[in-house]
Amino acid sequence: MGEGRVERRIRVLVGGVFDLLHVGHIHFLRQAKELGDELIVIVSHDDTVRRRKGREPVNPAEDRAELLRAIKYVDEVYIGSPGGINYELVRRINPDIVAIGPDQDFNCERLKEALRQHGIDAEVIRIPYLYKSDRAKTSKIIRRIVEAYCD
């Protein structure tokens with residue numbers, strides 16, 4: 001590389017609830033980080049969790065963001081807007097790649113097109129499951145806790 005040239009760092013963006021962090025989240029974050037140099041996370045707003053999951057988040061967005069900041073794979077964390085995808089925030093982050101979790105209900109091609117319509121030129125990649133397990137699903141963990149401790 002020539003003198004005075006700055007190497008472009010690959011920015012990877014992920015989003016999600018990340019309530020009750022578990023091994024599936026860690027696998028997802030590690031795999032996403034392996035796609036680039038910087039991993040940026042947008043944590044779902046509490047209102048978004050209520051709307052999409054039909055339940056209160058176990059932990060508020062601020063706490064979920066703080067936990068994510070402590071994970072070594074994560075470089076930056078933002079809390080999302082209550083209305084869904086905040087394309088202005090995504091545009092400011094300027095990702096090269098948007099990584100989608102294996103259980104997130106996004107169509108990669110439709111998401112890529114929506115990003116393009118908002119002036120965001122990012123590749124969209126679905127991260128595969130490393131393994132499927134009830135240990136790696138927040139709703140199953142909540143159910144196990146309720147069954148074990150709420151009799």
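This is a predicted model: local features need pLDDT of at least 70, side-chain atom pairs count only at pLDDT 80 or more; totals for chains, interfaces and linings use all residues.
Two strands are treated as a pair when DSSP finds at least two bridges between them.

## The overall plan

The protein has six helices and five strands. Followed along the sequence, these elements come in the pattern β-α-β-α-α-β-α-β-α-β-α. Of the 151 residues in the protein, 40% are buried.

Contacts across the sequence are also worth a look. When contacts between residues at least 6 apart in sequence are considered, 74% of them join residues at least 24 apart.

## A five-stranded sheet

The strands form an open sheet of five, in the order β3-β2-β1-β4-β5, and their pairing is parallel. β3 (76–79) and β5 sit at the edges with a single partner strand each, so one side of each has no neighbour in the sheet. On average, neighbouring strands in this sheet are turned by 25 degrees against each other, with direction ignored.

## Around strand β4

What does β4 pair with? Strand β1 (residues 11–16) is one partner, joined to β4 in the parallel sense over two bridges. Within that pairing, Leu13 has Val98 as its bridge partner in β4. Strand β5 (residues 123–126) also runs parallel to β4, and four bridges join them. Here Ile97 stands opposite Glu123 of β5. To get from β4 to β5, the chain passes through helix α5 (residues 108–117), making a right-handed β-α-β crossover. Helix α5 lies across β4 and β5, and its direction is at about 155 degrees to β5.

## Ser44 in its loop

Is Ser44 buried or exposed? Ser44 has a relative accessible area of 16% and counts as buried, because the cut-off for buried is under 20%. This serine belongs to the loop between β2 (38–43) and α2 (46–53). Once neighbours within four places in sequence are set aside, the contacts of Ser44 are Gly16, Val17, Val49, Ala61 and Arg64.

## Salt bridges

Side chains of opposite charge can pair when their charged atoms come close. How many salt bridges does a search of the whole structure find? The count is 14. One of them brings together the side chains of Asp96 and Arg8, at 2.5 Å from N to O. This pair ties together distant parts of the chain, 88 residues apart: Asp96 is in the loop between α4 (87–93) and β4, and Arg8 is in the segment before β1. Arg8 is partly exposed, at 48% relative accessible area.

Another salt bridge runs between Glu38 and Arg9, with 3.4 Å between the closest N and O atoms. Glu38, in strand β2, and Arg9, in the segment before β1, are 29 residues apart, and this pair too links distant parts of the chain. Glu38 is buried at 16% relative accessibility, whereas Arg9 is partly exposed at 43%. Arg30 and Glu34 also meet through their side chains in a salt bridge, at 3.6 Å from N to O. Arg30 is partly exposed at 26% relative accessibility, while Glu34 is exposed at 60%. Elsewhere, salt bridges with shared partners connect Arg9, Arg11, Glu38 and Glu76 into one network.

## Cysteines

A disulfide is a covalent bond between the sulfur atoms of two cysteines. With the cut-off for a pair of cysteine sulfur atoms set within 2.5 Å, the number of disulfides comes to zero.

Which cysteine is buried, and which is exposed? Cys108 has a relative accessible area of 19% and is buried. Cys150 counts as exposed because its relative accessibility of 56% is over 50%.

How values were computed:
Residues are numbered from 1 along each chain as its sequence is written. Side-chain values use heavy atoms; hydrogens and water are left out. Buried means under 20% relative accessible area, exposed over 50%, partly exposed in between (1.4 Å probe, protein chains only). Contact means heavy atoms within 4.5 Å. A crossover is right-handed if, with the strands pointing away from the viewer, the path from the first strand over the helix to the second runs clockwise. A salt bridge is a side-chain nitrogen of Lys or Arg within 4 Å of a carboxyl oxygen of Asp or Glu. Axes are lines fitted to C-alpha atoms, for helices over the stretch in contact, and angles run from 0 to 180 degrees between N-to-C directions.
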